[in-house]
Amino acid sequence: MVESRWRTGLGYAVLVLFLVLILLPFYWMVVTSFKPTGEVAAYPPTAWPVHWTLEHYRNAFLRYGFGVYLRNSVIVTCLTTLFVVMLSSMAGFAIARLPVRGKTPVLIFLLIISMFPAIAIVTPLYMFMRALGWLNSYQALIVPYTAFNLPFAIWIMRNYFLQVPGVLLEAAKMDGASVWQTFLRIFLPLTTPGIFTTAVFTFVAAWTEFFMALVFNASKTMRTIPVGIGLFSDQYNVPYGDIFAGSVLSILPIVVLVAAFRKWIVSGLTAGAVKG
Amino acid sequence: MPYAAGAEGQPDVSGRIRVRRHRTHQDGDRRAGYLMLLPSAVVVAGVTVFPILYSVWMSFHDVHLTVNGYDMRFTGLANYGTLVHSSAFWHSAWFTTYYAVVTVFAELILGMLIALAIYRVQRLKNLSLVVMLIPWSLITVVSAQMWSYIYNGVYGVLNAILQALHLIQAPVTWPGTSTGAVLSMMVADIWKTTPFVVIILLGGLQMIPAEYHEAAVMDGAGPWTVFWKVTFPLLRSSIALAAVFRILQAFGVFDLPFVLTGGGPGNATTSLAVLGEQALFQNLHFGVGAAVAVSTVLMVLTLSLIFLSAFRALVEEGA
């Protein structure tokens, strides 16, 4: 058993080193956002702020209009999440429990397509949107985000619906319920964890997307947070303090979400492996 | 109206007796099913499948924006000809492939090591999972800004640490040289996405029945043998999933070079996505941009297939 204990010790060492390496850069960003501008550019840097300040947080809102980016991100992300949850639960139910043809191969095909690099579709989408007058609008992001996140969401929902016994559908029908009633009243409530998983995944994906947001919505009033933070710098200086203040703010909703739904995120990540 | 339906139970014009109950039952379910699939199908087909096909079509045309639309002139393979003769394109293709292969391998190896450590230790599992979700859910642009500050040549903390350890004499601007820029990007990418690989591999590890390991140990297998003969083959679907996910993502890398290196120095870190974006939105060469997009998709599919077949061979050899 000496060898076994030795190996557990090695496991601890690897794990602790890994956690420290993940946290250190993150720590660095957070403390920097509270340092005065002079200290942000000090060398050698200070490990802990000598003077604390909120000036960067003030700058983020007043000088860079972070409030506008925040509003845009919240609107785009929440509506995308809502649409994806609604559409994917219907489609996932149909694929898992209703007699529609050619379902799983088509879904896998779409899943692969949805993982293609965004560069594959931005050119035509940009031209269509320009022709429709959609550039710099909320739908310019909500529609593609919904489309790109749907296949994975449907996949997750399908796996959750498969875990609900199919006899429930027959039993409900015997009692005279329609397919839609059965879906809404019986199946949907039983797949709440799947809905959470789907929602969290979609939220994070939409919240962090940069490429399409940069290409479709570059005007100052329509930028989302990633575009805003990506374009904080001007030609002459990179205001790291202000950038990190915005960054820390951009993380808060995600931290809350991740902490609350950790269990479902992990089960969602492994869902593909489970059923695949 | 030769097929007009008769009343229920009566022979209709074609002489068949309608069996109403059976038909509405199955047809009703099927109709509801298609109705439930319809909105998703319309959105996904319209916004992903159709644009990809349209990209292919555009790549054979010379495309110009007009006042409120665009016009296209067929030019055959001219856009691809431009790419084939462009050293910038070949450089991007090489860099992107190299970048994807190196980072995905590093992430798989590190991810496996860490997943095994978490599995072994068990105690810190919940804490580890929460910590790992931080890089995963971080906006890539934010992590790129974070790393650019860490790598900074004037006040970057990386230099301070390396100087304190006497590993370097004077501060270095890490993304300033070609090799440095590529390495800086890789480290930032590995930091951000290894946790994702760990979570998938850990999920796979937890589904391997403990008896398998115990039986192998009983038979006198050492840890190395247990890993290669038991764990690795049973993890193959998780590994393949993580790898393909990551290859597809790494091939589309855009945010990181856009913020961290601007594709430079020179074009050292100009990925295919950055090149495509420049062709499209800086030079307005829409046809060429579409050709870059189509080439990227073909390359990423090829790379994924090569990986999967090599991986299958490896697993069969190990098992």
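This is a predicted model: local features need pLDDT of at least 70, side-chain atom pairs count only at pLDDT 80 or more; totals for chains, interfaces and linings use all residues.
**Chain A overall**
- Read along the sequence, chain A follows the pattern α-α-α-α-α-α-α-α-α-α-α-α-α, and its C-alpha atoms fill a box of roughly 75 × 70 × 30 Å along the principal axes.
- Of the 276 residues in chain A, 49% are buried, and among its contacts between residues at least 6 apart in sequence, 76% join residues at least 24 apart.

**Helices 7 and 10 of chain A**
- Helix 7 (residues 139–163) of chain A packs against helix 10 (residues 192–208) of chain A at an angle of about 160°, with the two axes 9 Å apart.
- Helix 7 of chain A and helix 10 of chain A are therefore roughly antiparallel to each other, and helix 7 passes helix 10 in a right-handed crossing.
- Residues making the contact include A:Y145, A:F152, A:I156 and A:Y160 of helix 7 of chain A, together with A:P193, A:T197, A:F201 and A:A205 of helix 10 of chain A.
- By class, this contact of helix 7 with helix 10 of chain A has ten nonpolar, five polar and no charged residues.

**Helix 4 of chain B**
- Helix 4 (residues 125–137) of chain B has 13 residues and reaches 18 Å from its first C-alpha to its last, close to the 18 Å expected at 1.5 Å a residue.
- Within helix 4 of chain B, the buried residues include B:S128, B:M132, B:L133, B:P135 and B:S137.

How values were computed: Residues are numbered from 1 along each chain as its sequence is written. Chains are lettered from A and ligands numbered from 1 in the order in which they are written. Helices (H or I, at least four residues) and strands (E, at least two) are DSSP runs, numbered from the N terminus. The expected span of a helix is 1.5 Å times one less than its number of residues. A residue is buried if 20 or more other C-beta atoms lie within 10 Å of its own, exposed if 12 or fewer, and partly exposed in between; C-beta atoms are placed from the backbone. Two residues are in contact if their C-beta atoms, placed from the backbone, lie within 7 Å. Axes are lines fitted to C-alpha atoms, for helices over the stretch in contact, and angles run from 0 to 180 degrees between N-to-C directions. Angles under 35 degrees count as roughly parallel, over 145 as roughly antiparallel, 65 to 115 as roughly perpendicular and the rest as oblique. A crossing is left-handed if the near helix is turned anticlockwise from the far one by less than a right angle, and right-handed if clockwise. Ala, Val, Leu, Ile, Met, Phe, Trp, Tyr, Cys and Pro count as nonpolar, Asp, Glu, Lys and Arg as charged, and the others, Gly among them, as polar.
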